[in-house]
Amino acid sequence: MAGLQPLDEELNSECRALAEALRQQFEALGVSVRRYATRRYLNAGTLSRYLAGSRVPQWDFVQNLLTDVAEDRGAAVTPEAMNLLRALHRAAQRTSASMTKAVAQLQQQLADADWEARRSSARMDVLDDALVQRSERIADLEVRLSLQPLNPGDADEQTILAERNRLAAEVTRLRAQLTEAQSRAQLAEVRCELLERQLALVETQRGIDPAEQVFAAVESVRHLLPEGIRPKVLLVDDQPANLLALKSVLQVPDQELVAVSSGQDALKELLQHEDFAVIILDVQMPGMDGYETAAHIKRRAKTRNIPIIFLTAIGTDADYSMRGYSVGAVDFIVKPFDPWALRAKVAVFVDIYLERQLRSSQGRPPAITAPSAG
């Protein structure tokens, strides 16, 4: 019998436990992967992935495998064996479903950011054309004023001057709109880059928790970083239960979580410590809300480059998103949040932070920074 593919070393505990149980059952059959795949009308590659743990099979496959092994032994499947495999399968499936949901969520956010980038680019083209047309018309009017000796107060002169002034006002307005469109396009491009990194992190995990990769990333560059460098994440939410949930999702070795319950406390914390890798900021808080808190953070030179992820229960439609981006947010995540998506987002910003610290210690400029508001 041909050997099975080795288990992926980066599998999480749930997927590994299921894969090991399936392999034990399969090896009892004493047949090759290809032969059993033919018997059960399966693709041999798919069967190999089931047994290697890189894909969670449907329950029917598990049940059929147990039945085949029992028949081969001339005995019925025991309830204990069935219940054990069912429990392992459910645990692995929950992990897989969460990853699938996280991927879908990040893909939608990437699609939205890409659409915003394309829309802003198209708007820039329209505004640029309008500016060129009006500027050329103003130039024509200036030539007419210089070539035609008009008497002061003539109707023709007044008409030309009025049109020129109107066009000049339009040029000023269009330039402001073009600047805004350029800012939106730049922000959308940065968001696309960040979301692509977040997606890549989740899609390539095949069961490994992104939080574990944060730990691995820190450890891989620990010897290169200045002494005492440790990624810190600032959590800001007025609800203790939400802070507890955030901590449970993001707690990993070598990453410090600092939790505060108000915008004022967040600003106080940032006055004392300015080296946070990322801030997760609740939008709806009494007193100073997330938008106002973010605006204060971005006004300070020492904290304006800290990326902010808004945590919101009110959706991410255009109005809310643009208000958030205008005060410096680089990302949104909606409550109730998906743990995998949140971990992936934080992991990417921690990775950027570590990269920035490493480059700074080596005297090199950062490769990417969070965009500033405005």
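This is a predicted model: local features need pLDDT of at least 70, side-chain atom pairs count only at pLDDT 80 or more; totals for chains, interfaces and linings use all residues.
Local features require pLDDT of at least 70 and side-chain atom pairs pLDDT 80 or more, whereas totals for chains, interfaces and linings use all residues. Residues are numbered from 1 along each chain as its sequence is written, and side-chain values use heavy atoms, without hydrogens and water.

Five strands form an open, parallel sheet in the order 2-1-3-4-5. Strands (E, at least two residues) and helices (H or I, at least four) are DSSP runs numbered from the N terminus. Pairing requires at least two DSSP bridges between two strands. Strand 2 (256-260) and strand 5 (329-334) each have a single partner strand, so one side of each lacks a neighbour in the sheet. The twist averages 20° from one strand to the next. Strand 1 (residues 232-236) is joined to strand 3 (residues 278-282) by four bridges. Here V236 stands opposite L281 in strand 3.

Two helices were examined against the sheet. Helix 9 (residues 263-272) lies across strand 1, strand 2 and strand 3, at about 160° to strand 1. Helix 10 (residues 290-299) touches strand 3 and strand 4 (308-312), and makes about 175° with the direction of strand 4. Contact means heavy atoms within 4.5 Å. Angles run from 0 to 180 degrees between N-to-C directions, with axes fitted to C-alpha atoms, for helices over the stretch in contact.

Three cavities of 30 Å³ or more are found in the whole structure. A cavity is a set of points on a 1 Å grid where a 1.4 Å probe fits but cannot get out; lining residues have an atom within 4 Å of a point.

The structure holds twelve salt bridges (Lys or Arg side-chain nitrogen within 4 Å of an Asp or Glu carboxyl oxygen). One joins E163 and R137 at 2.9 Å, N to O. This pair links E163 in helix 6 (residues 155-203) to R137 in helix 5 (residues 79-147), 26 residues apart.

Notes. On a 1 Å grid over the protein atoms alone, a cavity is a set of points where a 1.4 Å probe fits but cannot get out, and a pocket is an open set with protein on both sides within 12 Å along at least five of seven lines; lining residues have an atom within 4 Å of a point. Grid points are joined across faces, edges and corners, and a volume is the space filled by probe spheres set on the points.
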